[in-house]
Amino acid sequence: MSSRRPEFILASASPRRLALLNQIGIEPDHLIPAHVDETPERGELPRRLAQRLAHAKAVEVRNKARQAGLASESVILAADTVVAVGRRILPKAETMDEAASCLRLLSGRAHRVFTGVCVISASGQARERLVDTRIRFKRLSNKEIEAYLASGEWNGKAGGYAIQGIAGAFAVKLSGSYSAVVGLPLFETVGLLTAEGYPVQFNWLNATALPGV
């Protein structure tokens, strides 16, 4: 790798992951979404699925970057989030019925969110982490479920909810990484990027200071 800062590629079009990266002072040079089959393999456990999909996304985007002449000077970041109750993997809700089923299953009980992260360096080396976060939801009334479904916030979200939105009011307890539940564990992401020599802090000095509270 050359001495200049490598270009940063986010293997996602997710506005949530982009916002989380911006929060820690990173602005990707390129957004290249990955399109992989997210169907679990037969008997696949939730944690394994999150790891496998994060790796598959990173590899696919590295191949795209290579075709575009970007891979030799780029660091690629990919992630995937899986919501599970026991061994049962909940879908990324695409219909109201799917979201309703997820919410009724999560109501009044604990579940786990597995977020896999994969970083591939310009040399092709892959570094990976898996973050396991436990969340317990309050018991949801039919009125709360119906109102949440009407909000549309569930659309495309793993487990049929977005913790950073209205559903934050459902979480009684969270043990682990909040940012991982949103879509990208920041502590682990910084660790992986730093291990690859990516200068995470290169533009922190120019960050706007937050006002006092």
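Colleague: Hi! Which element gives the largest share of the lining of the largest pocket?
Modeller: That's E3, with 3 residues. Bear in mind that this is a predicted model.

Colleague: Which other elements supply at least two residues there?
Modeller: Besides strand E3 (74–85), helix H1 (15–23) and helix H5 (178–182) each supply at least two residues of that lining.

Colleague: And how many residues line the largest pocket in total?
Modeller: The lining has 28 residues, and Ser14, Arg16, Arg17, Lys92 and Gly156 lie nearest the centre of the pocket. By type, the lining divides into 14 nonpolar, 8 polar and 6 charged residues.

Colleague: How much space lies in it?
Modeller: About 540 Å³ for the largest pocket. The second largest pocket holds about 190 Å³.

Colleague: Oh, which residues line the second largest pocket?
Modeller: Among them are Glu38, Pro40, Asp80, Thr81, Val82, Lys92 and Glu94. Two elements give two or more residues to this lining, helix H2 (46–67) and E3. E3 has the largest share here, 3 residues.

Colleague: Changing topic: how many disulfides does the count come to?
Modeller: The count is 0, going by pairs of cysteine sulfur atoms within 2.5 Å.

Colleague: Is Cysteine 102 buried or exposed?
Modeller: Cysteine 102 counts as buried because its relative accessible area is 4%, and the cut-off for buried is under 20%. Cysteine 118 is buried too, with a relative accessible area of 0%.

Definitions and conventions:
Residues are numbered from 1 along each chain as its sequence is written. This is a predicted model: local features need pLDDT of at least 70, side-chain atom pairs count only at pLDDT 80 or more; totals for chains, interfaces and linings use all residues. Side-chain values use heavy atoms; hydrogens and water are left out. Buried means under 20% relative accessible area, exposed over 50%, partly exposed in between (1.4 Å probe, protein chains only). On a 1 Å grid over the protein atoms alone, a cavity is a set of points where a 1.4 Å probe fits but cannot get out, and a pocket is an open set with protein on both sides within 12 Å along at least five of seven lines; lining residues have an atom within 4 Å of a point. Grid points are joined across faces, edges and corners, and a volume is the space filled by probe spheres set on the points. Helices (H or I, at least four residues) and strands (E, at least two) are DSSP runs, numbered from the N terminus. Ala, Val, Leu, Ile, Met, Phe, Trp, Tyr, Cys and Pro count as nonpolar, Asp, Glu, Lys and Arg as charged, and the others, Gly among them, as polar.
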